[in-house]
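Thanks, everyone, for making the time this morning. I would like to take you through one model, and I will ask you to keep it open on your screens while I talk.

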Amino acid sequence: MTVLPHPSLQPYADAWTHSIEAISELVQPLPEGEWNRATPCPGWSVRDVVSHVIGIECEMLGDPRPIHTLPRDLRHVVDEFTRYMEVQVDVRRHHTAPEMTSELEYTLIRRTRQLRNEKRDPQTMVRGPLGEQVTLEHALQLRAFDVWIHEQDLRTALGRPGNLDSPGAVVVRDLLLAGLPKVVAKRAGAPANSAVVLDVHGPLEFMRTVRVDAAGRGTVDGTPSLGPAVTLAMDWETYVRLAAGRVRPAAVADRLKVEGDQELADAILANFAVTP
């Protein structure tokens, strides 16, 4: 285990290590054909997801971004964000299975060494995963989030479920819940002085209440609401898939239980996907 000098960074380092090692174990034995399997990540195969993970970790190491012109026919590349993300993916599209696994291993070794030697204060501003300035703590939190989500993409594609309650799952839960007030209050337009309850069961179990104050601002807490406008109940895996934009509400309707204002519930579910 990599032990960091700042305790606040440790949970993110542990979660990242756990997930990226799981990804490595998943893809190491894959024959060439399996690398082309589609994942729940729009437009991305198993190879593409692994390429993305390698590419972002290389950028966190300070490696220069590849100079690469994208083809024009990539339907899932729709804006500046997806274009930025696609460069590291497309540049590896013709790499073989051994090339992919050896680059992943090498990147993992380099990043683990970098983390082990990390002496900076958690509030130090660093280059984030998209080139923006974020705190070191938030950058590590985002990497832990990203690799766990992509581990799950790979598990879904390969039919190898697991690690739904791993350290990375806890990081993902906390980041997704932080985005919930915006979903309920701003995007779905929940009325002032109302409450919405999210009840999640399964490998990670929790109940949270989003309260919208008189000014229309949302906050989230763990205390129950006596008269919520809406209660949404679902299992943890469904929550992740919805909140990470991997599936539409209609596709998992049988795994959702809705009580209360149906119109507000539909608006919340339509705007459920959050990216931290």
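I will begin with a pair of helices and then turn to a cavity.

Please bear in mind throughout that this is a predicted model. The pair I have in mind is helix H6, which covers residues 167-178, and helix H8, which covers residues 236-243; their axes lie 11 Å apart, and the two pack at an angle of about 55°. That angle makes H6 oblique to H8, and the crossing of the two helices is left-handed.

If you look at the contact itself, H6 brings Ala169, Val172, Arg173, Leu176 and Leu177, which meet Trp236, Tyr239, Val240 and Ala243 of H8. Sorted by class, this contact consists of eight nonpolar residues and one charged residue, with no polar ones.

Now to the cavity. How many cavities of 30 Å³ or more does the structure hold? There is one, and the space in this largest cavity comes to about 120 Å³.

Its lining includes Pro40, Ile149, Gln152, Asp153, Thr156 and Leu164, and also Glu237, Val240, Arg241, Ala244 and Arg246. Two elements, helix H5 (136-158) and H8, each give two or more residues to that lining, and H5 gives the most, with four. By class, the lining divides into five nonpolar, two polar and four charged residues.

Technical notes. Residues numbered from 1 in each chain as written. Predicted model: local features only at pLDDT ≥ 70, side-chain atom pairs only at ≥ 80, totals over all residues. Heavy atoms only, no water. Axes fitted to C-alpha atoms, helices over the stretch in contact; angles between N-to-C directions. Parallel < 35°, antiparallel > 145°, perpendicular 65-115°, else oblique. Left-handed = near helix turned anticlockwise from the far one by under 90°. Contact = heavy atoms within 4.5 Å. Nonpolar A, V, L, I, M, F, W, Y, C, P; charged D, E, K, R; others polar. 1 Å grid on protein atoms, 1.4 Å probe; cavity = no way out; pocket = protein on both sides within 12 Å on 5 of 7 lines; lining within 4 Å. Points joined across faces, edges and corners; volume = space filled by probe spheres on them.
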